[in-house]
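Work through the exercises below on aromatic rings and their partners. Try each task before reading its solution.

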Amino acid sequence: MKQLSFLLEKEFRQVFRNPAILRSVLIMPIIQLLIFPFAANYEVKNVLLSIVDHDHSSYSQKFISKITASGYFILTDYSPSYNKAMESIESDKSDLVIEIPKNFEKDLVKENKSSMLLAVNAVNGAKANLGGAYAANIIRDFNQEIRLDWMTFPAFNAIPTIEITSSNWYNPTMNYKDFMVPGILVTLLTMIGTFLTSLNIVQEKESGTIEQVNVSPISKTTFILGKLIPFWIMGLITLTIGLLIARLFYQIVPVGNISLIYLFAMVFLLALLGIGLLISTYAETQTQATFVGFFVMMVFMLLGGLYTSIDSMPEWAKWITKVNPVAYFIEVMRMIVLKGSGFADIKYHLLSVLGLAVVFNTWAILNYHKRS
Amino acid sequence: MKEAVITVNKLTKKFGDFIATNEVTFEVDKGEIFGFLGANGAGKTTAMRMLCGLSMPSSGSATVAGFDVYKQTEKIKQNIGYMSQKFSLYEDLTVTENIRFYAGIYGMARPAIKEKTAQLLNQLNLTPEANTLVKALPLGWKQKLAFSVAIFHEPKIVFLDEPTGGVDPITRREFWNLIYQAAERGITIFVTTHYMDEAEYCNRVSIMVDGKIEALDTPRNLKKTYNAKSMDEVFLQLARGAKRSDD
């Protein structure tokens, strides 16, 4: 254990002498947290709309002004025919076509029903989905309005309607920043855990210094601890900076206990450092380590629930998320920050990540050989 | 009084079908400067790495400082120093920090390290450079420092893999002075080299060709046996038949 102090001393000196590492630990989180939440936005705005109005009635005018007033759509095209409107979709000038049929108003008044056609360009799936949903919502709203116009004094309600009111619990204003910032923080810790550790060790392989260490009587556990502890501490520093930024710039104050976040982060970092270590035992060059690290990161991110909901993934993908520490941490982060969950609520997540940490680190230690 | 500190018996290392080191057998005595010669790719480094516990032998047996190379590598490591072909100090640490780190992982105590560092820097005339980053030092100084670091913990044996590669003749001379000083203190020196003038400095020399030891004797006897004027000629006679080249 006395040897460990020499290892740590050396590792910290090297870190403080390496501006690139300091930058990635200190500056990277600041930049990412200040820029990404504004750009990586869940809301769909600026849906380009093309309208084909065959009716030219007061109702159709009323409808068009309602939909453009909503703020989600930009009316780019007012086409005479459906085919013309499709051309503008093909040339990417519009995302959504609404066709109002002839006799829209007449049918509505006389026969008490009418129809409309909604065509969506689904190349950009998220935009199409949400844009279509918004449009459908506005149409329903419009429908309700005109019905109320007609039936100011209904003797009895001819159309029984079920009113749906939703309230968004835990994130009442549906502020996507509250949702994204904790997630981005997790991705930052993931980067530090996997990349810094694996690159650090592989760099020693490349320069040959690891051989000089391997020929010394130092035990491999001591050596590995000497490599893990500095990056573990750096990860916690990044977390602290991130939480401060969340509080100062986004007024995100965790509802739950902040020490619970740290407890989870400590275990989480252990798992991630284990993965970094594991990569370094297989990679011979920093290029290899970077590529493998990137692949692992992509899988962790895309199957981590930051961008897409895990609940809507297919069964097999859900199984992958079970061995993905990032998925657990993103969920726990949101639970503690937004919902104020306590220890009992995250117990299962904590144990799972602890298990993963044990598996990854044991694997890495077994695969690290002082002798080839 | 001869006392063997390295005994090697039919030690072999195979990489697939390739036999890097083929049943080599030799002994090295305590306090001896043992030259380990051979063309590039002859298997010197592989043999040395097996003795240092960095590479697992395929067959044969060997003991280093009385410990078995299969089972007691960690014991061996406490008793040896090693200087690899690749320069292996940390470029981004200072001279003092490098010494402290390597001495530390060999289990030396901080006060002892401090005292001995001052002595060593003085001896190497490196005191003004104590806080210089190693990457800023000239190659010759780096090599002398690397050697001093390798024997800082007073090992019984030190393994040097082409320690003077790329170093100018004057610095090589100084380097060999350091080797002699270490040998006088009783440290056994196991050294590989390509420089035949350096082979003349060794007490005994072995010459490896294609994974096998072809000759082993004092430089004087080798020259007599092969009827050669210099070690250079001895080496050329033996190595000419080699089929392998390059590492």
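A charge sits over a ring if NZ of Lys or CZ of Arg is within 6 Å of the ring centre and within 35 degrees of the ring normal. The model is predicted.

**Exercise 1.** Find which ring face A:Lys10 lies over, and at what distance from the ring centre.

Solution. Start from A:Lys10. The ring is that of B:Phe101. A:Lys10 lies 5.2 Å from the centre of that ring. Now take B:Arg110: its charged end sits over the ring of A:Phe6, 4.1 Å from the centre.

**Exercise 2.** Classify the pair A:Phe195 and A:Phe294 as stacked, tilted or edge-to-face.

Solution. The structure holds 21 aromatic pairs over all chains. In this one, the ring centres are 5.8 Å apart. The planes meet at 70 degrees, so the pair is edge-to-face. Next, place the residues. A:Phe195 is in helix H7 (residues 176–207) and A:Phe294 in helix H11 (residues 286–302), 99 residues apart. Finally, check accessibility. A:Phe195 is at 12%, so it counts as buried. A:Phe294 is at 48%, so it counts as partly exposed.

**Exercise 3.** Classify the pair A:Phe223 and A:Tyr368, then decide whether each residue is buried or exposed.

Solution. The centres are 5.5 Å apart and the planes 20 degrees. That pair is stacked. A:Phe223 belongs to helix H9 (residues 220–250), while A:Tyr368 is in the segment after helix H14 (343–367). The two are 145 residues apart. The buried cut-off is under 20% relative accessible area. A:Phe223, at 2%, is therefore buried. A:Tyr368, at 9%, is buried.

Note on methods
Residues are numbered from 1 along each chain as its sequence is written. Chains are lettered from A and ligands numbered from 1 in the order in which they are written. This is a predicted model: local features need pLDDT of at least 70, side-chain atom pairs count only at pLDDT 80 or more; totals for chains, interfaces and linings use all residues. Side-chain values use heavy atoms; hydrogens and water are left out. Rings of Phe, Tyr and Trp (its six-membered ring) pair if their centres lie within 6.5 Å; planes under 30 degrees apart count as stacked, over 60 as edge-to-face and the rest as tilted. Helices (H or I, at least four residues) and strands (E, at least two) are DSSP runs, numbered from the N terminus. Buried means under 20% relative accessible area, exposed over 50%, partly exposed in between (1.4 Å probe, protein chains only).
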